[in-house]
Amino acid sequence: MAHLGSRRTRALSLPVGLALTASLGFLPTAAASAEPMDAQPTAAVSTDGPKLSYVVNTRGGHGTVKQVKKAIAAAGGTVVIAYDQIGVIVVHSQNPDFAQSIRRVRGVDSAGATRTSPIVPQATTDTGVEQPLTAAQAKAASAKATGDQDPMEPLQWDLPAIKADQAHKRTLGSSKVTVAVIDTGVDDTHPDLAPNFDRRASANCVSGAPDTTDGAWRSKPGESNHGTHVAGTIAAAKNGIGVTGVAPGVKVAGIKVANPDGFFYTESIVCGFVWAAEHGVDVTNNSYFTDPWMFNCKNDPDQGALVDAVARATRYAERRGTVNIASSGNSSFDLASDAIEDTGSPNDSTTVTRTINPRECLDIPVQLPGVVTVSATGAKGLKASYSNYGNGVIDVAAPGGDSTAYQTPAPPATSGLILSTLPNGEYGYKAGTSMASPHVAGVAALIKSTHPHASAAAVKALLSAEADATACGAPYDIDGDGKIDAVCEGGKNRNGFYGAGVVNALNAVRW
């Protein structure tokens, strides 16, 4: 499961514990065989293998795609959906040689299996398990609310950390701006989310094809509540109840991409970005990594095809004006290093230990060109203990929470984690780069509200320009044991821990 609760703890949230998310890199071009062939079957194909899902990435126009579809059928594949806009076809096949065969077809750039285990009928970056807010805690917080604060806002130390509380005195954001939470699903019936929910821009993309059945975007009982928590951080309404989002006046949509087991597979992610691009979404939040590989090596024909497919989708969304924000991951990795030991991939079958170069093996979508990569900070403004980092990789930083033992918030807040919405009208704490990314998505939504005609590139530039530059500071010994836990490289205006700095919501609405 991508960054959610797997060994690498998806880029989602880090409830009481910590989460892992990863950053990404660039797209691969699958190696075409020396002798491409036409779409004609040459022999009977096997159909007795495990049923797997594939992405087939094509080049050329509709004529090429038509021929490739014929070749897919001849190779024992069934087209689930074809995204002609970006040249990506989602296919199911039980032919063990399907990918190898289809890579030889004229017009195919790359093709690969999106998983290593069979499809069964029917990943985030947070860490730990969420801590539900008790009735007593909610009552105590409400007693301390002042002015126009929502009842639980006194516990949200993360809002003043990015000056969102000051920004709200100027504007709550525009209802014409929509942020899509590409995640595990969003409970649009929550009283803090219902006022701002954008049903038209919501869908279920788990199969690789959008399902707009009413409520299909919600997580079901027993599934992760990660997406609902993320949505609240972005746009919980300022309505006199519960918590307040970073941009409480903008719209939020839910695009569900995690299957019931919590895996975020490539076909779902591609569907999510294309759906967002074509339904007026201004910002997407991506707090996960794409399963089953924490890092996808471009020189591997399967993994390279996954990078290619997701990169096509993120580029398409950005060309249509969407800003894509992603969490960096919760493994304390230096994503700018020469080597990282990946011990959790593939996470849907038998894992292996491999040493990868993060410049060549990418965490997607976070390390893809154009995607805003976010690291997490705690209540003291320091890099969160779990957060990935990397000079030249991290773009900006935002509150993701950390152990209260490491970074204790100022009263009246009592937890070092991030408080937000949970399904069924509840509230709770989580931590992780999964929680940091939606703070940035909220600030991007405020920028878009202030500058409605700004391009995606302009919004990203303003995110960095308006951030509060944060220097590396003293040697990083977060647990105080005398041992340096991570090395921050770079200067005050750009470094591996905080990128261009911690995002600033007040700057977003006054510049």
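User: In this predicted model, what does the word "buried" stand for?

Analyst: A residue is called buried when its relative accessible area is under 20%. The structure is a predicted model.

User: Why is aspartate 183 called buried?

Analyst: The relative accessible area of aspartate 183 is 0%. The cut-off is under 20%, so aspartate 183 counts as buried. Its place is in strand S6, residues 178-183.

User: How do you know that the "active site" residues gather at one spot?

Analyst: The UniProt annotation, from an unreviewed entry, covers Asp183, His226 and Ser434. These residues span 252 residues in sequence, yet no two of their C-alpha atoms are more than 10.1 Å apart, so they gather at one spot.

User: Is serine 434 buried or exposed?

Analyst: Serine 434, found in helix H9, has a relative accessible area of 0% and is therefore buried.

User: Why are the buried residues of helix H10 said to lie on the same side?

Analyst: The buried residues of H10 (residues 456-465) are Ala456, Val459, Lys460 and Leu463. They cover an arc of only 100° around the axis, which puts them on the same side of H10. Their cover includes helix H8, strand S11, strand S15, strand S16 and helix H9.

Key: Residues numbered from 1 in each chain as written. Predicted model: local features only at pLDDT ≥ 70, side-chain atom pairs only at ≥ 80, totals over all residues. Heavy atoms only, no water. Buried < 20%, exposed > 50% of the residue type's maximum accessible area, 1.4 Å probe, protein only. Helix = DSSP H or I, 4+ residues; strand = E, 2+ residues; numbered from the N terminus. Arc of directions from axis to C-beta. Contact = heavy atoms within 4.5 Å. UniProt positions renumbered as here; feature names shortened; annotations may be inferred.
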